[in-house]
Amino acid sequence: IDLVARKQERKLSQDYLQVTQIVASILIPISVTIAFFSKEIIQLLLGKPEIVASFALVLALRTIANMFNCLQHMPHTLQLAIGLSSLAFKVNLVSVFVYLPAIAILTPHFGAVVPAALILAVNFLGAFPMVIGTHSRILRDDLWNWVYGSLARPLGITIVIVCMSRLFYPGSISWPITLPWLAVTALTSCAAIIFCSPRTRDLGL
């Protein structure tokens, strides 16, 4: 808010992009790791194979949905700093009017996966007006820097690492094997994202 009030856009841009990329370097690896290993996580926690088939996809969808929702927090914070509070309200209002009727109509036909799929769709589509709306009012030149630095690059790096981890996963599901494997996968992705970005590289050294 102080930087906005003093109209220090250069410093605001540097801090905003750095913080969003730090958040992405933590959030995206954890989320993608959980999504790719949702079956193993549910099996590890519950130990009931019959539940795994039903809820692994639900866990994966909800995790990615939450990831997209959390990635909107910094653009939303910037909106509040410049006094733009109505955009989030409008986006959430539209989301409610889409989400609730769709649940009522589709859930009886497709089951428990519907709410998770719908919340993912709502959060993903809602990210467009939230981010574009922010950068149409302030830091207009940083829209693509945000898209690339805080979404595309971290997501691409994480998917490559998590896919390799998924490929070489030993197959056995147990606390001594699964938990360290997932932790190393997420931490490796996080470190790779940090060191691949000039804005966050110095923080990792």
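Q: How many aromatic pairs does the structure hold?
A: The structure holds four aromatic pairs, where rings of Phe, Tyr and Trp (its six-membered ring) pair if their centres lie within 6.5 Å. This is a predicted model, in which local features need pLDDT of at least 70 and side-chain atom pairs count only at pLDDT 80 or more, while totals for chains, interfaces and linings use all residues. Residues are numbered from 1 along each chain as its sequence is written, and side-chain values use heavy atoms, with hydrogens and water left out.

Q: Why is the pair of Phe68 and Phe124 called edge-to-face?
A: Planes under 30 degrees apart count as stacked, over 60 as edge-to-face and the rest as tilted. The planes of Phe68 and Phe124 are at 75 degrees and the ring centres 5.2 Å apart, so the pair is edge-to-face.

Q: What makes this pair of Phe68 and Phe124 tie together parts that are apart in sequence?
A: Phe68 lies in helix H4 (residues 49-71) and Phe124 in helix H7 (residues 113-137), so the parts tied together are 56 residues apart in sequence. Helices here are DSSP runs (H or I, at least four residues), numbered from the N terminus.

Q: Is Phe68 buried or exposed, and how is Phe124 classed?
A: Buried means under 20% relative accessible area, exposed over 50%, and partly exposed in between (1.4 Å probe, protein chains only). Phe68 has 11% and is therefore buried; Phe124 has 36% and is therefore partly exposed.

Q: Why is the pair of Phe124 and Phe128 edge-to-face?
A: Their planes are at 90 degrees and their ring centres 5.3 Å apart, so the pair of Phe124 and Phe128 is edge-to-face. Both residues lie in helix H7, four residues apart, about one turn of the helix. Phe128, at 43% relative accessibility, counts as partly exposed.

Q: How do you know that the span of H7 agrees with its number of residues?
A: The expected span is 1.5 Å times one less than the number of residues. For the 25 residues of H7 this should be 36 Å, and the end C-alpha atoms are 37 Å apart, which agrees.

Q: Why is H6 called roughly antiparallel to H7?
A: The axes of helix H6 (residues 86-110) and H7 come within 9 Å and cross at roughly 160 degrees. Angles under 35 degrees count as roughly parallel, over 145 as roughly antiparallel, 65 to 115 as roughly perpendicular and the rest as oblique, so H6 is roughly antiparallel to H7.

Definitions and conventions. Helices (H or I, at least four residues) and strands (E, at least two) are DSSP runs, numbered from the N terminus. Axes are lines fitted to C-alpha atoms, for helices over the stretch in contact, and angles run from 0 to 180 degrees between N-to-C directions.
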